[in-house]
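Student: I have a model open and want to learn how to read it. Where do we start?

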Amino acid sequence: MTRIVVFDFDGTLIKGDSFIVFASRIFGKLAVAKALATEMFVLVGWQLRFVDNGYAKERVFSRLFKGITLQQLDSWGESFIADLEARIRPEIMCKLEE
């Protein structure tokens with residue numbers, strides 16, 4: 001019998017949000033803070049549930065990654081995997097191994 005187990009990634013498999021950590025590693029915390037500040041109204045709208053979560057993340061992502069090639073993004077993603085492995089919550093890892 002095959003079992004399929006589905007987990008949400010951010011906040012479930014790992015502690016916190018991987019996007020902010022990933023972007024900060026690439027661009028630095030200051031650049032990420034500037035992007036978040038620039039999109040402040042969208043983010044406030046998201047927190048007040050006037051703006052969709054996906055749209056808010058898309059705006060911040062677009063601001064940070066504009067002009068970046070897919071190959072560069074893939075390369076950064078590959079090197080980031082090791083960082084994510086260190087952030088996996090141990091109790092969730094036990095569930096995955098079951």
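Student: Does Glu 39 count as buried or exposed, and what is its relative accessibility?

Tutor: Keep in mind that this is a predicted model. Buried means under 20% relative accessible area. Glu 39 has 3% relative accessibility, so Glu 39 counts as buried.

Student: Where is Glu 39 found?

Tutor: Glu 39 lies in the loop between helix 2 and helix 3 (40-47).

Student: Which side chain makes a polar contact with the side chain of Glu 39?

Tutor: That of Arg 63, at 2.9 Å. Set aside neighbours within four places in sequence, and Glu 39 is in contact with Arg 59, Val 60 and Arg 63.

Student: Now the helices. How are two packed helices described?

Tutor: By the angle between their axes and the distance between the axes. Take helix 1 (residues 18-27) and helix 2 (residues 29-38): the angle is about 125° and the axes are 7 Å apart. Helix 1 and helix 2 are therefore oblique to each other.

Student: Which residues meet there?

Tutor: Helix 1 brings Ile 20, Ala 23, Ser 24 and Phe 27; helix 2 brings Lys 29, Ala 31, Val 32 and Leu 36. By class, this contact has 6 nonpolar, 1 polar and 1 charged residues.

Student: At what angle do helix 1 and helix 4 cross?

Tutor: At roughly 15°, with the axes of helix 1 and helix 4 (residues 53-65) coming within 12 Å. The two are therefore roughly parallel to each other. Their crossing is left-handed. Phe 19, Phe 22, Ala 23, Ile 26 and Phe 27 of helix 1 contact Val 60, Phe 61, Leu 64 and Phe 65 of helix 4. By class, that contact has 9 nonpolar, no polar and no charged residues.

Technical notes:
Residues numbered from 1 in each chain as written. Predicted model: local features only at pLDDT ≥ 70, side-chain atom pairs only at ≥ 80, totals over all residues. Heavy atoms only, no water. Axes fitted to C-alpha atoms, helices over the stretch in contact; angles between N-to-C directions. Helix = DSSP H or I, 4+ residues; strand = E, 2+ residues; numbered from the N terminus. Parallel < 35°, antiparallel > 145°, perpendicular 65-115°, else oblique. Contact = heavy atoms within 4.5 Å. Nonpolar A, V, L, I, M, F, W, Y, C, P; charged D, E, K, R; others polar. Left-handed = near helix turned anticlockwise from the far one by under 90°. Buried < 20%, exposed > 50% of the residue type's maximum accessible area, 1.4 Å probe, protein only. Polar contact = N/O pair within 3.5 Å; in protein donor to acceptor, adjacent residues only side chain to side chain.
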